[in-house]
Amino acid sequence: MRICSFLPSATEILFALGLGDDIVGVTHECDYPPQARSKPVVVRSAVDPAEMTSREIDQRVRDLRSQKMDIYAIDSERLQQARPDIIFTQALCDVCALDYNGVVRASQSLTPKPEIVALNPRFFADVLGDIRRVGRVTGREKAAEILLSALKDRVAAVATRARSLGRPRVACIEWLDPMYAAGHWIPEMVELAGGDSGWSEKGAPARRIGWREVVEFSPEVLILMPCGFDAQRALAEARPLAREAWWAKLPAVTNDRVFAVDASAYFSRPGPRLVDGLEILARIIHPELFPDATSPGAARKFR
C-alpha cells in the first residue's frame with residue numbers, strides 16, 4: 001500500500017497505526033513523529049510564516065485568495081513518483097491545508113487513480129471517528145480500536161475529575177492579529193477540561209472578534225493558541241496585546257492566568273495529540289486537581 005498524506009494530522013494518525021513505512025508523500029508541515037520529516041515532500045505552501053508577523057501572514061493569505069491563487073501547491077513530479085493508492089486530505093479549511101478540489105485535479109493525471117479520503121472533523125468526537133475511518137480504509141481496524149480505547153480512557157479520566165469542579169470562563173484565541181476566537185473542537189475540549197467556553201460555538205469555525213468582545217466575556221483564564229504556532233512564538237506575537245489599555249481589564253491578566261500553548265502540536269491538528277491538548281487544558285484551568293507536569297514547551301505563562 002502506498003499512501004500520500006496531505007494533512008499533518010492524518011500523517012500522525014497513520015504513524016500511530018503503524019503505517020509509517022507505507023507513507024510515500026507528505027506536506028512540508030508534516031513534522032510529527034520525527035520520522036515524518038524523512039518522507040518526500042509533495043505539498044508546499046506559498047506562505048512562509050517563519051519570517052512574518054501574524055498580521056503579515058493574514059494579509060498574505062487574503063491577497064492570495066483575492067487573486068484566486070492557491071495557498072498550497074502540489075509538486076506534480078513528486079506526486080507521479082509517489083504513485084499513491086490512497087491520498088488523505090481535507091475539505092475543512094483551505095487556509096490550513098491543501099484544498100480538496102486541488103487534490104482531485106492533481107490526481108487526474110495518475111494511473112491508476114488513487115482513492116481520495118477527506119477528513120473533515122468539526123467536533124472532538126469527529127477526530128476520534130476519523131482515527132477509526134483511517135483504520136478502516138487502510139485495513140488497520142484493530143490497531144485503530146486499540147488506539148481509540150487508550151485515548152478514550154484518557155479523555156474520560158479528565159472529564160470525570162473535572163465534572164464536579166467550578167467552571168471558570170476560558171477564552172481561547174486562535175489568531176492574534178487580527179484576533180479570532182477558537183472554534184471547531186476547542187470549545188468542547190475546554191468544557192471537558194472543566195472550563196466555560198460560552199463565547200464560542202461548538203463545531204463552528206474560528207470567528208473574528210474585537211477587543212470589546214473579549215472584555216465583555218471577562219475571561220478568568222486566557223489561552224493564546226494561534227494556529228500553527230508553538231508556545232514561544234505565541235508569546236512573542238502576543239506582546240503587542242499587553243500594551244493595549246483593555247488588556248489590563250481582563251480578570252485573567254490581573255490574576256496571572258494568561259497562557260500560551262503549543263497549538264501546532266496539541267490544538268490545531270485534529271489527531272491523537274488533541275488528547276494531550278485536553279490534558280494540558282485541564283492542568284491550566286484546574287491546576288489544583290491536575291498537577292502533573294506539562295510536556296516541556298507545551299504551555300507557558302504570559303509574562
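# Reading the terms in this model

User: Why is lysine 301 called partly exposed?

Analyst: Lysine 301 has a relative accessible area of 34%, and because buried means under 20%, exposed over 50% and partly exposed in between (1.4 Å probe, protein chains only), that value places lysine 301 in the partly exposed class. The model is a predicted one, in which local features need pLDDT of at least 70 and side-chain atom pairs count only at pLDDT 80 or more, while totals for chains, interfaces and linings use all residues. Residues are numbered from 1 along each chain as its sequence is written, and side-chain values use heavy atoms, with hydrogens and water left out.

User: What makes aspartate 256 and lysine 301 a salt bridge?

Analyst: A salt bridge requires a side-chain nitrogen of Lys or Arg within 4 Å of a carboxyl oxygen of Asp or Glu, and the closest N and O atoms of aspartate 256 and lysine 301 are 3.2 Å apart, so the pair meets the rule. This pair links distant parts of the chain, 45 residues apart, with aspartate 256 in the loop between α10 and β11 and lysine 301 in strand β12; helices (H or I, at least four residues) and strands (E, at least two) are DSSP runs, numbered from the N terminus.

User: How do you know that arginine 269 and aspartate 31 tie together separate parts of the sequence?

Analyst: Their side chains meet in a salt bridge at 2.9 Å, N to O. Arginine 269 lies in the loop between α11 and α12, and aspartate 31 in the loop between β2 and β3, so the pair joins parts that are 238 residues apart in sequence.

User: Is arginine 269 buried or exposed, and which class does aspartate 31 fall into?

Analyst: Arginine 269 has 10% relative accessibility and therefore counts as buried, whereas aspartate 31, with a relative accessible area of 30%, is partly exposed.

User: Why is the protein chain described as being as compact as a globular protein of its length?

Analyst: The protein chain has twelve helices and twelve strands. Its radius of gyration is 20 Å, close to the 19 Å that the globule rule gives for 303 residues, so the chain is as compact as a globular protein of that length; the radius is taken over C-alpha atoms, and the rule is 2.2 Å times the number of residues to the power 0.38.

User: What percentage of the residues in the protein chain is buried?

Analyst: Buried residues make up 52% of the 303 residues in the protein chain.
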